[in-house]
Amino acid sequence: MADVRHRKVALPAAAVPANENDKSSNNNNIPQSNSKNNTNSLGVTDVLRILGGLLLLNCAISYFVTNSSVTWGWRPWYSKPGELRAWMAGPLQLTDAELAQYDGADPSKPIYIALNGTIYDVTAGARMYGPGGSYHFFAGRDAARAFVTGCFAEDLTPDLRGAEMAFVPVDDDAEEIGPDGELVRKGGSSGPTKAELKIRRERDLRAARKRVHDTIEGWSKMFKGDGGKNYFKVGMVKRDPDWLDRLPKRQLCQRAQEGRPKRKE
Ligand code: HEM
């Protein structure tokens with residue numbers, strides 16, 4: 001029985017003599033309800049600890065889900081050595097002929113792909129774009145048209161003129177192009193008038209051009225590395241202002257022609 005310690009037991013407020021309660025409130029002039037709040041409220045350190053814990057949990061879940069990244073696949077551009085190097089070197093300006101040297105044939109050079117005038121480094125995708133890769137034909141050139149039409153043999157060109165026709169519905173009730181260059185009515189009087197056809201044609205063309213724009217935009221996002229691929233923009237293709245005028249106008253390739261939608265309405 002030698003080592004019995006006596007602790008001061010916390011008494012409920014009611015059990016404390018009235019004069020003691022008075023003493024404590026007189027001591028510091030803080031109302032009792034306030035001092036109670038102070039002991040329960042979170043300090044800055046607690047908040048930081050909770051935030052840190054949540055951050056760690058978020059990283060752990062990201063790694064578990066993506067199997068590789070603690071930031072859900074997001075990597076700032078300056079954390080990629082190739083992109084940082086390209087940024088320090090400044091934007092590239094290559095002609096189409098110069099661009100052709102970056103098709104992966106020379107392993108000491110990076111692999112570039114251009115899309116609608118913008119050049120991207122796709123060396124990280126050498127398996128696909130390097131020699132023998134399934135998309136090697138895109139390397140070292142700007143083949144924007146093929147990205148829209150899917151004609152990988154005929155359309156390896158940046159010339160997008162008329163590519164929107166791939167998305168313009170085929171008309172059963174009208175000729176494609178009339179003598180004056182417009183859609184003209186075919187068949188009996190029940191079909192749309194020439195004026196109606198013209199309005200419809202303009203609406204279709206507007207929607208089709210947007211599809212072309214969105215398609216190119218979608219691919220360029222991937223080549224910029226937005227989707228998590230280790231690709232990045234390195235510069236622009238240098239072309240004369242009238243480069244397009246010097247190329248002959250192209251027909252829609254067969255694959256795209258056959259893939260045109262049928263009008264539903
Ligand atoms: C307009 C049509 C198409 C275009 C422009 C296109 C373009 C591409 C590009 C650029 C890539 C490489 C993506 C990357 O860098 O990660 C790719 C990958 C791939 N595409 Fe296509 N593609 C088209 C249609 C198709 C079709 C119809 C199929 C299937 C029959 C297909 C199957 C594949 C496969 C399997 C891969 C992955 C290749 C690999 O991992 O080696 N593509 N496509």
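Hi everyone, let's start with the sheet: four strands form an open sheet in the order S1-S6-S3-S2, with mixed pairing. S1 and S2 stand at the edges with a single partner strand each, so one side of each is left without a neighbour in the sheet. On average, neighbouring strands here are turned by 35 degrees against each other, direction ignored. (Axes are lines fitted to C-alpha atoms, for helices over the stretch in contact, and angles run from 0 to 180 degrees between N-to-C directions.)

A quick word on what you're looking at. This is a predicted model, where local features need pLDDT of at least 70, side-chain atom pairs count only at pLDDT 80 or more, and totals for chains, interfaces and linings use all residues. Residues are numbered from 1 along each chain as its sequence is written.

Helices (H or I, at least four residues) and strands (E, at least two) are DSSP runs, numbered from the N terminus. Two strands pair if DSSP finds at least two bridges between them.

Now, how do the strands pair? In general, strands of a sheet pair through backbone hydrogen bonds, either parallel or antiparallel. Here, strand S1 (residues 92–94) pairs with S6 in the parallel sense over three bridges, and Gln93 has Met236 in S6 as its bridge partner. S3 and S6 are antiparallel, with four bridges, and Thr118 stands opposite Met236 in S6. S2 and S3 also run antiparallel, joined by four bridges; Tyr112 stands opposite Asp121 in S3.

Two helices pack on this sheet. Helix H4 (residues 81–89) touches S3 and S6, and its direction makes about 35 degrees with that of S6. H8 touches S2, S3 and S6, and its direction makes about 150 degrees with that of S2.

Please look at the hairpin of S2 and S3, which has two residues between the strands. Asn116 is found in that loop and has a positive phi of about 50 degrees although it is not a glycine. (Buried means 20 or more other C-beta atoms within 10 Å of a residue's own, exposed means 12 or fewer, and partly exposed is in between; C-beta atoms are placed from the backbone.)

Back in S2, Tyr112 and Ala114 point one way, Ile113 and Leu115 the other way, and all are buried. As for S6, five of its six residues are buried, so S6 is largely enclosed by the rest of the structure.

Leaving aside neighbours within four places in sequence, Tyr120 has contacts including Tyr112, Ile113, Phe223 and Val234. (Contact means C-beta atoms, placed from the backbone, within 7 Å.)

Last stop, the ligand. Which residues surround the ligand? They are Gly125, Met128, Ser134, Tyr135, Phe138, Phe147, Gly150 and Lys229, each with its C-beta atom, placed from the backbone, within 6 Å.
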